[in-house]
Amino acid sequence: MSYFSGYRCTRCGHEYEPDQVTYLCPICSRTYQPGMPLLGILECVFDYAQIAVAWEEFSIAFPSANPTQKIEELCELFSPVDKEYYPNLPVGNTPLICSQSLVGETLYLKFDGVNPSGSYKDRASSLVVAEAKRLGIKEIVTASTGNAAASLSALCAAAGIKAVIFAPAKAPAAKLVQIKIHKAELHLVDGTYDDAFAAALEYSATHDCLNRNTAYHPFTIEGKKTGGLELYAQLGELPDYIFVPTGDGVILCGIAKAFYDLKEAGITDRLPALVAAQVESSDAITSYWETGVYQDAKKPHTVADSISVRTPSAAHLAVKALKATHGMGIRVSDAEILSAQKMLASRTGIFCEPSSAATLAAYFQAREQGWIRDEAKVVLMLTGHGLKDIEAVKFDD
Ligand SMILES: *Cc1c(COP(=O)(O)O)cnc(C)c1O
Ligand SMILES: [Zn+2]
């Protein structure tokens, strides 16, 4: 059974019944127009008192439960969709590697490149596909820089649902191949990711389907929450800092939601500090966090395509998460990213996407600034597999 009790608007606080709304808060989104950060993103609310009881019972019944069993339990307790609807292609429960070899001190690496389609996006796609199954909807549309599309294509294939994709024509070749081999309907947009976002909104307004645009469907945040729940189960305690590669800010919001939920249910008592690792040219969330005033990124242009976003859909909520967790935004360059990517690959065996390597580059800056306490537990979220964009890798020799 699900403890999901409804939605709350993250902007005005208005509450809705589970089947009363689908996307944004109807009140706050009245003034929303494509080309601005979303207004009135909904968050899922649960029966936290009941969850607390269920978790207590689980802990008593299975005092020596291993991390995988704890993950399964937590993800089920905090899921807005019943497990029976999940597509038959398991996602998540990804490795958390404790590395001493990377920087000479302990760092925890959460490697989500091992998901079925090779990225963290599978967590969100899985839940939106489950919701479509629950509702009997046969088609799901999304905008994507590449990974969300590859992911939705794979999970829709597993569920026998049609995936419709709007992606920029210059997405990395491997991601376009993934979309095609899973037989999704691909619309290449002659423009940016932000243009694709608007095109997918237009499509779902005129077709009988579900829209998986990131942050637009509240379950994208809920799906991305599971990575945070896993960190708690795998470490057996809360980490102190979590570095998150950030474009639209939805992975960041999802991980924050995991820790809000755990705290609300009385399972934990504090929030880890979240760090948004952003590219210099795609830094809208970092600038917003610094100045308190929202402005689009000037001109996103980066080797880290997955975090190349001019208008982050979850900008408002992401900045709230940075503030609530006493975190920060950090800008890194493409050169820092590419060097961090090679360091990860040669010292840990993990080949991750440029976007993911931004977390290590940001960690170096945070350490340099003296911002990281000694002995702190630090996690880098490595969200995508390096084979998705081999063009990005350059060798000097
Ligand atoms: C989408 C993506 C991100 C960024 O997530 P946002 O929710 O857009 O901030 C980071 N890494 C990878 C591999 C991604 O695919
Ligand atoms: Zn509202």
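This report describes the surroundings of two ligands in a predicted model.

## The shell around ligand 1

Ligand 1 is surrounded by 16 residues, and the closest of these are Lys-121, Asn-147, Gly-247, Gly-249 and Thr-383. By residue class, the shell comprises eight polar residues together with four nonpolar and four charged ones. As for its location within the protein, ligand 1 sits in the largest cavity.

The side chain of Thr-383, a residue listed among the closest to the ligand, places an N or O atom 2.6 Å from a nitrogen atom of ligand 1. Taken alone, ligand 1 exposes 380 Å², of which the protein buries 98%.

## The zinc site

The zinc ion (ligand 2) is coordinated through the SG atoms of Cys-9, Cys-12, Cys-25 and Cys-28, at distances of 2.3 to 2.4 Å. In sequence, these donor residues follow the spacing C-x2-C-x12-C-x2-C.

Why is the arrangement of the four donor atoms around the zinc ion (ligand 2) tetrahedral? The angles that these donor atoms subtend are 107 to 118°, and four donors count as tetrahedral if all angles lie between 85 and 135 degrees; the arrangement around the zinc ion is therefore tetrahedral.

Technical notes: Residues numbered from 1 in each chain as written. Chains lettered and ligands numbered in written order. Predicted model: local features only at pLDDT ≥ 70, side-chain atom pairs only at ≥ 80, totals over all residues. Heavy atoms only, no water. Near = heavy atom within 4 Å. Polar contact = N/O pair within 3.5 Å; in protein donor to acceptor, adjacent residues only side chain to side chain. Areas by Shrake-Rupley, 256 points an atom, 1.4 Å probe, with all protein chains shown as cover. 1 Å grid on protein atoms, 1.4 Å probe; cavity = no way out; pocket = protein on both sides within 12 Å on 5 of 7 lines; lining within 4 Å. Sits in = over half its atoms within 2 Å of the grid points. Nonpolar A, V, L, I, M, F, W, Y, C, P; charged D, E, K, R; others polar. Donors = N, O, S within 2.8 Å, 3.2 Å for Na, K, Ca; no water. Tetrahedral: all angles 85-135°; square planar, octahedral: opposite > 155°, others 65-115°.
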